[in-house]
Amino acid sequence: MKNKETPKTAEKSKPRGSVDLYAAQCGKCLKWRTIDTLEGYEEMRSRFLEDPFFCDKKPNVSCDDPADIEYDTTRTWVIDKPNIPKTPTGFRRELILRRDFSKLDAHYITPTGKRVRSRAEVAAFLKENPEYENVNLDHFNFTVPKVMEDTIPGSVKKKIKKNLESQMENVA
Ligand SMILES: [Zn+2]
């Protein structure tokens, strides 16, 4: 799973700092393969430990084919924990990278468009909306992926330093 800063012309539905491309690493050849949809990615991730990813899970792809994508600094990579439950139908799980690239924040969007940021908020929503009483609270997971520090753009690191310096000047 990886994250790239969204260009300004990108679709408006995607907030700044959200993940725009999903990938899985083959357990045999270690090449990275892109996963076309969030749904496909969540499905794969939900049972990754008992059912690891291999190249031939993608149609017409084998370990002999070149990697879809390389782990390098052209993008910022964030690495997910395995076996996070699939997002319940009607809900959407979002991950947003903080501006300083320090970490991601996870939240869910409910079918009514409400943003929920913790298990307690999900529980309250399910209680207030009995039509979702069959939705399992355990299927909400706020575990966030790890930001791979070696792929954070140098410009971001410089900017943080510069902001700190200008703040100090203002104080002086
Ligand atoms: Zn492979």
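The following questions and answers concern a predicted model.

Visitor: Why is Ala-123 called partly exposed?

Guide: Ala-123 has 13 C-beta neighbours inside 10 Å. A residue is buried with 20 or more and exposed with 12 or fewer. The value of 13 lies in between, so Ala-123 counts as partly exposed.

Visitor: Where does Ala-123 lie, and what separates its C-alpha atom from that of Asn-141?

Guide: Ala-123 is part of helix α2, residues 119-128. Asn-141 is 18 residues away along the chain, and the two C-alpha atoms are 12 Å apart.

Visitor: What makes β5 and β6 a pair of strands?

Guide: Pairing requires at least two bridges. Strand β5 (residues 92-97) and strand β6 (residues 104-109) are joined by 6 bridges, so they pair. The two run antiparallel. Leu-97 has Leu-104 in β6 as its bridge partner. Their hairpin has 6 residues between the strands, and Phe-101 in this hairpin takes a positive phi near 65°.

Visitor: How do you know that β6 and β7 pair?

Guide: The count is 2 bridges, and at least two are required, so β6 and β7 (residues 115-116) meet the cut-off. The sense is antiparallel. Tyr-108 stands opposite Val-116 in β7. In this hairpin, with 5 residues between the strands, Gly-113 has a positive phi near 90°.

Visitor: What does UniProt place at residues 16-71?

Guide: The unreviewed UniProt entry gives the feature "domain: CW-type" there. In the model, residues 16-71 are 16% helix and 14% strand, with the end C-alpha atoms 22 Å apart.

Key: Residues numbered from 1 in each chain as written. Predicted model: local features only at pLDDT ≥ 70, side-chain atom pairs only at ≥ 80, totals over all residues. Helix = DSSP H or I, 4+ residues; strand = E, 2+ residues; numbered from the N terminus. UniProt positions renumbered as here; feature names shortened; annotations may be inferred.
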